[in-house]
Amino acid sequence: RRSLKPSRVQFREDRCKGCLLCVQACPSGIIQPSSRFNQQGYKVAEVPAERMAECKGCAFCALMCPDFAIHVFKTKEAA
């Protein structure tokens with residue numbers, strides 16, 4: 001039986017404009033502004049590593065992102 005990676009989100013920081021719509025959309029409340037800036041000078045969003053396990057893979061953040069900067073990986077349900 002292979003182990004499944006937990007649900008998680010990955011941010012494309014080069015596309016993020018720091019609008020933070022994803023922060024408002026996240027039902028788990030785990031997305032936050034980071035202390036980093038991308039090459040365009042925007043403060044990017046992130047999920048702290050210690051909170052990534054709380055991601056449910058719902059993709060609300062990605063649906064709200066106007067710049068397609070978020071990729072969601074959802075854990076498949078065990079059969």
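1. A salt bridge is counted here when a side-chain nitrogen of Lys or Arg lies within 4 Å of a carboxyl oxygen of Asp or Glu. By that rule the structure holds 5 salt bridges. Side chains of opposite charge can pair when their charged atoms come close.

2. A note on the basis of these values. The model is predicted, with local features requiring pLDDT of at least 70 and side-chain atom pairs counted only at pLDDT 80 or more, while totals for chains, interfaces and linings use all residues. Residues are numbered from 1 along each chain as its sequence is written, and side-chain values use heavy atoms, leaving out hydrogens and water.

3. Helices (H or I, at least four residues) and strands (E, at least two) are DSSP runs, numbered from the N terminus. One of the salt bridges joins the side chains of Glu 13 and Arg 36, with N to O at 2.3 Å. Glu 13 sits in the loop between strand E1 (8–11) and helix H1 (21–25) and Arg 36 in strand E2 (residues 32–37), so this pair ties together parts that are 23 residues apart in sequence.

4. Arg 36 also forms a salt bridge with Glu 46, and the closest N and O atoms of that pair are 2.9 Å apart. Arg 36 belongs to strand E2 and Glu 46 to strand E3 (residues 43–46), so the pair links parts that are 10 residues apart in sequence.

5. How accessible are these side chains? The terms are buried (under 20% relative accessible area), exposed (over 50%) and partly exposed (in between), using a 1.4 Å probe and protein chains only. Glu 13 is partly exposed, with a relative accessible area of 27%, and Arg 36 is partly exposed at 34%. Glu 46 is buried, with a relative accessible area of 18%.

6. Another salt bridge pairs Glu 54 with Arg 51, the closest N and O atoms being 2.9 Å apart. Glu 54 is partly exposed at 35% relative accessible area, and Arg 51 is partly exposed at 28%. Salt bridges that share partners join Glu 13, Arg 36 and Glu 46 into one network.

7. Ser 34 lies in strand E2 and is buried, at 3% relative accessibility. Its side chain reaches the backbone nitrogen of Arg 36 at 3.1 Å, a polar contact (a pair of N or O atoms within 3.5 Å; within protein, one must be able to donate a hydrogen and the other to accept it, and residues adjacent in sequence count only if both atoms are side-chain atoms). Contact means heavy atoms within 4.5 Å. Not counting residues up to four places away in sequence, Ser 34 touches Lys 43, Val 44, Ala 45 and Glu 46.

8. Strands E1 and E4 run antiparallel and are joined by 4 bridges; two strands pair if DSSP finds at least two bridges between them. The bridge partner of Val 9 in E4 is Val 72. Val 72 lies in strand E4 (residues 70–73) and is partly exposed, at 22% relative accessibility. Leaving out residues up to four places away in sequence, Val 72 touches Arg 8, Val 9, Gly 57, Ala 59, Cys 61 and Ala 62.

9. A nonpolar core is a set of buried Ala, Val, Leu, Ile, Met, Phe, Trp, Tyr and Cys residues joined through side-chain atoms within 4.5 Å. The largest has 16 residues, and those with the most contacts inside it are Val 9, Phe 11, Cys 22, Ile 31, Val 47 and Ile 70. E1 and E3 are the elements that give two or more residues to this core. Setting aside neighbours within four places in sequence, Val 47 is in contact with Val 9, Phe 11, Ile 30, Ile 31 and Met 52.

10. Most residues other than glycine have a negative phi, and most peptide bonds are trans. Ala 59 has a positive phi, near 70°; Ala 59 is found in the loop between E3 and helix H2 (60–64) and is partly exposed, with a relative accessible area of 21%. Phe 68 also has a positive phi, near 50°. Phe 68 is placed in the loop between H2 and E4 and is exposed, with a relative accessible area of 64%.
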